[in-house]
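Hi,

Here's the structure I promised to send over. Have a look at it first, and then read on for what turned up.

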Amino acid sequence: MSTRRNILKGAAAAGALGTFGAGYAETLKKLAKGKWSGEVPNAALTGNSLTPEYVIDPDTGDLAMNPDIAMSYTMCIGCTTMCGVRVKVDKAQNKVLRVTGNPYSPMSTDPFIPYEASVKDSFLAMAQTGKGDGLTNRSTACGRGNAVLQQVDNPRRVLKPLKRVGPRGSGKWQTISFEQLIEEVVEGGDLFGEGRVAGLREIRDLKTPIKNGAPELGPRANGLVVMNCVDDGRDNLLLRWLKQSYGSTNFTRHGSYCGGAYRSGSGAMFGDFKKMPHAKPDFLEAEFVMFVGTAPGNAGNPFKRVGNLIAKARSDGKLDYVVVDPVLNNAQNGPSGDRSRWVPIKPGTDGALAMAIIGWMFDHDRINHAYLAQPSAAAAEAAGEPSWTNATHLVIVEEGHPRYGRFLRGSDIGLAVEGDAYSDVDPFLIASEAGPVPVGAEAAPLFFDGVVATAKGPVAVKTSLTLLREAAASRTLMEYSEACGIPVETIEGLATELTSHGRKAAVNSHGGMMSGSGFYNAYALMMINTLIGNLNWKGGTMIAGGWFPDNKGPAYDLAKFPGMVTPKGLPIGRNVPYEKTSEFKAKKAAGQAYPADGPWYPNAPGLATEWISSMVNHYPYGAEALIFRNTNPIYGVPGISHVVDRLKDPKVVPLIISVDPFINESSAISDYIVPDSVMYETWGFTKPWGGVATKATTARWPVIEPKMEKNAEGQRVGLETFLIATAKRMDLPGFGDQAIPDADGTLHPLNRAEDWYLRGAANVAMIGKTPVPEATDEDLELSNVARIRADLEAVLKPEEWRRAATIYAKGGRYENIERSYQGDKATYAFGAPMLVWNEGLGSFRRATTGTRMPGSPTWFEAEFADGSKVADHYPAADWPVKVMSFKSPLQNSYSVGAKALLRIIASNPVVLGRALAEAHGIANGDMVRLTTPGGSLESVAVVRDGIAPDTVAIEHGYGHKGFGAQDIMIDDDIWPADPRLATGVLLNDMGMVDPTRANTGVWVDPVSGTAVRQGLPARIERI
Ligand code: SF4
């Protein structure tokens, strides 16, 4: 089925070709400049390059700053890696000129310099004539990081509050004052001449149920829902406002349409579906890494650090690696030589490869017995293992047993338990000659398959590892090979390599898991690490080392406050058990509990993928007010275009507010836009997602004056001013003059952004045994933190402010690199068992089918919500091609406005291999039509090597309709569309809805609820 709005007409695609050329016009113009063209550059030797920020005397080592330039340590938010960087600021112009890395920050530097180094020494460390050799602590920003600073000066920024004129999404706006904005969104009224709209004050009803007859869904206040992108270090304030002050439970981020399938699959193994812990290979010490569905140094997180470490690791001769992916990317290229290999795989079939390797490991006895046999922390410690697993725990596999899929526990066999049955004190059981016995401090049998006596009669049980072995053995190596398209001998080679380096081999993955089988694919891949036994080992895999939190510390408690409320009720995204609902109870009472009216995802975090479906279908309930905070699900969720028109109807969600610096595809359909700060104008604290073994907090602060207009109180309008002003107007607890308790319980004000973030900085500075040193006047001057000195002194106590200033002078707080290891193990080890069998997964019932899912990794062929195979709906005979997306290190979903990037990659033609092209008579540069069951698009074809057979790949980040790609009218001014911003195509426009769902919803993975963009069934034709 093609929908009209999903078809990008040929004219648009032809326009893409035109803009491809136009994208280079500026470069060509610059090339034409110079002495040879009659224009004399500023300097004979260095041309028109920037003036140096400082000069170091080669004899004395003295540092002389350029008085016109400020050098500040802060954070880049050009992508979710959120690196610590150093920016060069033209003070007079209030403009960031250039970005490099922060040598204190592991996200930008390896090895990073000791935190004790003064700011002056950090400058010298990066200079050849200074204390460093100019290379050892070389600290970099990536290409995108240097380009996205253009977003600050983007002429399409929203700098004043906007209110829509005419229908939602019409592209017409009027500017309004901040004060009018606050009054209207809080008090409501007939705001658009379309009838009365309830304001935030009215919606904040903490008593009336949001849905009659379903008290478990919570109060009407849950009708305010907030969709966020990523925690850029400002979420704590937003969460305080939404949850603890307003009382709504509904907050979600973008993970379910980014890399959520990988994180959920990893979360299954790490035993936490909500926080979804994940480990990264120890790149510098590993000897072999298999990357699957991720492009090291190209995408993923932290891609810049990973790229840096891999380049080092392969050049010093230690690391060999293989990238398994349908698309050959930059990670395997000439410079990497024979240290890297590319193995093409059919999109979405990574689980078949993983299970083939797992099966081979069992068949060849290449699993780590000594590690897997340790059933508890005590046993692991006694055996010298830094982690343990539940491989030996007994699982109930008796069909029809009420605890089918759950672990056999002490209370099941009649052991006395001091506490509740099945609580933490009820022991897991292992096999022994005498029958099941509680796990102890010794190794346990890995395999058991039999019937054991329990207090309620005999029950069939197996160990977790037995179940995994059976799952792997359910298909032959040849069948797995046919499923994933990788030859048997290549699979055997990968398995051999992964099991030939002791603990120094690892598997890594990320966004490539976003397929209909993504959850189990990721769980299976990560399980290879557990069978190797590499967690917490040097050269194996490690979790992030943690951070110095801003929210709760010795100075201030930003997490709690007098009068705070606890949100109640089930979330709108249905990521909780269906069995908790009144719908389930009513259906059960009527004799048929399943299927539910829609899918539920108890083993998933918050799901943006499901939120819009929930809102437009009012299932489980609707929303009265939606806030998009710097996020763009309308661009990012594959297939969401099928429901977006319903969101444009104000009767469906009466009030939509965006807090965003730009008019993107999502803020374009809102009623109000609150301007926000960008990049180097903003505050925040973040931690690395992974790949850093030591504690690290990166701090961001306004190194330039923000551009948004000021409100009547003289504060720049943005997220913080919006939250504080609305809270104060509604008299919400936790804001105003008596809001933030210090260590003595004395309350301090929260009236400005500085009240929040500077107190957070004091916590970061003072937490732990030894607080950071006080910043000297020289530190303040060299880093230009002198710019915020008055605020630091006004907000913080005399004993706090200089320590907080150190956090900003050094761009955060970073534990020294020596803390990475203790001997041959990670200092910060993950301290819970690896789950070979996840009982939450193995015991739940799919709400839409009533059936169970496997509790261990398996090769799972994609299914729709009703349990039918996707391949049966869309057979290969009709849909012979698979479409997938990939990322370059330059463009992401929100960077298109940084036009420097479009000069490097001007557009995104669809990419296919030679055999597929020949089969369809397609030549390089031909126009092609690509069609999936969700829509079709027309674009230019690029035929190249390095694409898996029968696969078409589309780079992500193009095909915009927002950010200036279409005309915008504000008051009487037209912001004309820029065709360069509309260049290219978007795979998500061909994303699919699930045809088996009663209420419209996009196709998602049935366990993790994550979006499907890898492996869409498709056909291609030349036009
Ligand atoms: S990886 Fe690049 S774009 Fe991303 S935060 Fe770091 S410097 Fe910025």
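One term before we start: a residue counts as exposed when its relative accessible area is over 50%, and as buried when that area is under 20%. Also keep in mind that this is a predicted model.

With that cut-off in hand, take helix 17, which covers residues 582–589. Lys 585 and Ala 589 are exposed, while Glu 583, Phe 584 and Lys 587 are buried. If you look down the axis of helix 17, the buried residues fall within an arc of 100°, so they line one face of the helix. The exposed pair, Lys 585 and Ala 589, sits on the other side. After helix 17 comes Gly 591, which has a positive phi, near 105°.

Next, the ligand. Which residues surround it? Cysteines first: Cys 76, Cys 79, Cys 83 and Cys 142 are among them. The rest of the shell is made up of Gly 78, Thr 81, Met 82, Arg 144, Gly 145, Phe 303 and Lys 304. Helix 4 (143–147) and helix 9 (303–315) are the elements that give two or more residues to this shell. By type, the shell residues split into six nonpolar, three polar and two charged.

Then there's His 510, in the loop between strand 21 (505–509) and helix 16 (518–532). Is His 510 buried or exposed? Its relative accessible area is 7%, so it is buried. Apart from neighbours within four places in sequence, His 510 is in contact with Gly 259, Tyr 262, Lys 280, Val 292, Gly 293, Thr 294, Gly 300, Asn 301 and Trp 689.

Strand 20 (residues 457–463) pairs with strand 16 over three bridges, in the antiparallel sense, and Leu 394 has Thr 463 in strand 20 as its bridge partner.

Cheers

Terms used:
Residues are numbered from 1 along each chain as its sequence is written. This is a predicted model: local features need pLDDT of at least 70, side-chain atom pairs count only at pLDDT 80 or more; totals for chains, interfaces and linings use all residues. Side-chain values use heavy atoms; hydrogens and water are left out. Two strands pair if DSSP finds at least two bridges between them. Helices (H or I, at least four residues) and strands (E, at least two) are DSSP runs, numbered from the N terminus. Buried means under 20% relative accessible area, exposed over 50%, partly exposed in between (1.4 Å probe, protein chains only). Contact means heavy atoms within 4.5 Å. The arc is that of the directions from the helix axis to the C-beta atoms. A residue is near a molecule or strand if one of its heavy atoms lies within 4 Å of it. Ala, Val, Leu, Ile, Met, Phe, Trp, Tyr, Cys and Pro count as nonpolar, Asp, Glu, Lys and Arg as charged, and the others, Gly among them, as polar.
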